[in-house]
Amino acid sequence: FIDEPTWPETYNKQPLMADWGRKAVYLHRLTVDGSSFTQAPEEFVRVSQVSDLDLDASGQMFLSAWDGAGFKGDETKGYVVRVVPQGWTYSVAPDFENANLESLLGLLASDSAKVRGFSQVELLSRENAADAVAGLKLLIADEAKSLECRVAALYTASQIEKDPAFTLAYADDPALREF
């Protein structure tokens, strides 16, 4: 799923699927259809025996491929491909490990899913993770923040608190209820 501000709108907020047999990555455009979705798959990029894809915190996409390795694999075969949109400009990802608590909380409000995710991981890995809960609660309650930010804060705080009552306290908020 691409959720990165460095990607053009036509590709952003869309799911992707690596199809090894068809030698391509497909973008599956979703359209709301009542309580479900319909999809219109389209070829995104052709890659022989593509096995997986991921994006980094700078917005670069990397595709791995087993080209020629067969079904059992072969450590001497395969490759990685870097994919970026036309006109894309590299920007250095934040230094999550050395960021202070205030900076990490600010990064949860990023438009980048990867930046939010790495911020969550860093907050959760710190010995003083409990110190983040007050700031996370402010983000959760801030209706001016994006839903993505509020949910990331909710999930992070819930993992620190480890108490179902914490999450249930937000069930009355219509924006957060399903999360």
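Two strands are said to pair if DSSP finds at least two bridges between them, and the strands themselves (E, at least two residues), like the helices (H or I, at least four residues), are DSSP runs numbered from the N terminus. The model shown is predicted, with local features needing pLDDT of at least 70, side-chain atom pairs counting only at pLDDT 80 or more, and totals for chains, interfaces and linings using all residues. Residues are numbered from 1 along each chain as its sequence is written, and side-chain values use heavy atoms, with hydrogens and water left out.

**View 1. The open sheet of three strands, in the order β1-β2-β3.** The pairing is antiparallel, and because β1 (16-19) and β3 (36-46) stand at the edges, each with a single partner strand, one side of each is left without a neighbour in the sheet.

**View 2. Bridges from β2 to the strands beside it.** Strand β2 (residues 24-33) pairs with β1 over four bridges, where Ala-18 has Val-25 of β2 as its bridge partner. Ten bridges join β2 to β3, and here Leu-27 is partnered by Glu-42 of β3.

**View 3. The hairpin of β2 and β3.** Two residues lie between the strands, and Gly-34 takes a positive phi near 65°.

**View 4. The packing of helix α2 (residues 113-125) and helix α4 (residues 147-161).** Their axes, which are lines fitted to C-alpha atoms over the stretch in contact, with angles running from 0 to 180 degrees between N-to-C directions, lie 10 Å apart at an angle of about 20°. The two helices are therefore roughly parallel to each other, a term that covers angles under 35 degrees.

Note on methods
Parallel < 35°, antiparallel > 145°, perpendicular 65-115°, else oblique.
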